[in-house]
Amino acid sequence: MRGDRRALGSGRVHPDVSSAAVTERAKILIVYTGGTIGMRKAPEGYKPQKGHLQALLATIPYFEDPTLPRYEIVEFDPLLDSANIGPRHWLWVADTIRRNYATYDGFLVIHGTDTLSYTASALSFMLEDLAKPVVLTGSQVPLAETRNDAQHNLLAAMQVLGRHHERLTEVMVCFASHLFRGNRTTKVSVGSFDAFASPNFPPLGRIGIDIVIDWQRTLPARARRPDVGMLEVVELGNATVGVFRVFPGLKPKLLEAVLAPPVQGVVLECFGAGNAPTADPGFMEVLREATGRGVVIVAVTQPHRGSANLSLYATGRALLDVGVVSGYDMTTEAAAAKLFYLFEKGFTPTRVKRLVQQSLVGELTVPSRTGEGSAEVLPWQAADRGSPNTGR
Ligand code: ASP
């Protein structure tokens, strides 16, 4: 990234607003990474274009409305289709938030929809100690098109941040009619405005005529650190992490290649409640050999809804026996980000396995039968953050 291009003093303080009203308005930082929302049609297809989104926003009076937070924008250079976003861009976003943490009440990350859930999941782990809201949004249709979902998504996200910045302290996705916990989301539609779902955790809020937040679901507000402006950022992406989908006809050799060094952790997308072709001795041997070398294999479920609980079926138990662990109802996006995070922290495979099965930032629901009482509390997890089973 070649550095921030920040639109400072871009006339965002509406001239009609009294200074008293201005000081009461929240101030947010928009971190614009790219995506369809600000794209323009080019001969080779839709592409994001420098400065285009900012210029468009300046022409739409709604974004000057005094009921919205004041905002400033920093823009990726170059702007990216989110297919090209990865760990080093997550770090750029996280670092931008960290550097500006004390100055703003909340952060809006504008992102392409294709990998938005991966980034949301990654940020939820990277931003340790987060005590301010971070909302990701994007759109299916560019803001420049006459009928688009971009304006609604941006305005809704800004309203959420403006109204609730004192109580929302997590990484969220605001899209169409929902506010979701970011690490519970997955992209479910290419063509619908309802592009995202949170299959295993109810929305944190509904965006209708009113914006209604379900405060039972949100992470308990964190005490802001007295050393104002402090936010720890954990860089992700140095570990070697993979995702592999089990399918009928799978040749063990293929899985063996995925599990070969230097891989440290793999998210194994299993059938149903965490099942796999365990009757195939070759398959089982490949798993056993890999876990024996310290590779952490986390079972999640291919169906969007539900939990991979390996103690349920004999096939699941066979996986447990060769050292695979349950990822319960985590999305693949969250499970992969979590593996990156836990390895980045330098934990041993045994500790990674244990922590994978606990909720750290609301990314999974621990089935009650598994004895969550033994959950480990990480040093940065303040006692006020609730129980691991209630989404924390
Ligand atoms: N390809 C685009 C992206 O993810 C799609 C979108 O933004 O909706 O950047």
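The model is predicted: local features need pLDDT of at least 70, side-chain atom pairs count only at pLDDT 80 or more, and totals for chains, interfaces and linings use all residues. Residue numbers start from 1 along each chain as its sequence is written. The chain holds 10 helices and 19 strands. These are DSSP runs, numbered from the N terminus: helices are H or I with at least four residues, strands are E with at least two.

**Overall fold**
- Buried residues account for 45% of the 392 residues in the chain. A residue is buried if 20 or more other C-beta atoms lie within 10 Å of its own, exposed if 12 or fewer, and partly exposed in between, with C-beta atoms placed from the backbone.
- Of the contacts between residues at least 6 apart in sequence, 75% join residues at least 24 apart. A contact means that the C-beta atoms of two residues, placed from the backbone, lie within 7 Å.

**Ligand shell**
- The ligand is surrounded by G34, G35, T36, D81, S82, A83, G112, T113, D114, G138 and Q140.
- Ala, Val, Leu, Ile, Met, Phe, Trp, Tyr, Cys and Pro count as nonpolar; Asp, Glu, Lys and Arg count as charged; the others, Gly among them, count as polar.

**Helix α4 against α9**
- Two packed helices are described by the angle between their axes and the distance between the axes. Axes are lines fitted to C-alpha atoms, for helices over the stretch in contact, and angles run from 0 to 180 degrees between N-to-C directions.
- α4 (residues 116-126) packs on α9 (residues 332-344) at about 40 degrees, with the axes 8 Å apart. That angle makes α4 oblique to α9. Under 35 degrees counts as roughly parallel, over 145 as roughly antiparallel, 65 to 115 as roughly perpendicular and the rest as oblique.
- α4 passes α9 in a right-handed crossing. Right-handed means the near helix is turned clockwise from the far one by less than a right angle; anticlockwise is left-handed.
- From α4, S117, Y118, S121, A122 and F125 meet E333, A334, A337, K338 and Y341 of α9. This contact has 6 nonpolar, 2 polar and 2 charged residues.

**Helix α3 against α4**
- α3 and α4 pack at about 55 degrees, with axes 10 Å apart. The pair is therefore oblique, and the crossing is right-handed.
- W90, V93 and A94 in α3 meet T119, A122, L123 and M126 in α4. The contact divides into 6 nonpolar, 1 polar and no charged residues.

**Helix α9 against α10**
- α9 and α10 (residues 349-356) pack at about 140 degrees, with axes 10 Å apart. That makes α9 oblique to α10. The crossing is right-handed.
- K338, L342 and F343 in α9 meet V352, L355 and V356 in α10. By class, the contact has 5 nonpolar, no polar and 1 charged residues.

**Two loop residues**
- Y101 sits in the loop between α3 (87-99) and β6 (106-110). Y101 counts as buried because it has 22 C-beta neighbours inside 10 Å. Y101 and A131 are 30 residues apart in sequence and 9.7 Å apart in space, C-alpha to C-alpha.
- Q216 lies in the loop between β14 (211-213) and β15 (232-233). Q216 counts as exposed because it has 9 C-beta neighbours inside 10 Å. The C-alpha atoms of Q216 and L204 are separated by 8.4 Å, and the two residues are 12 apart along the chain.

Methods:
Near = placed C-beta within 6 Å.
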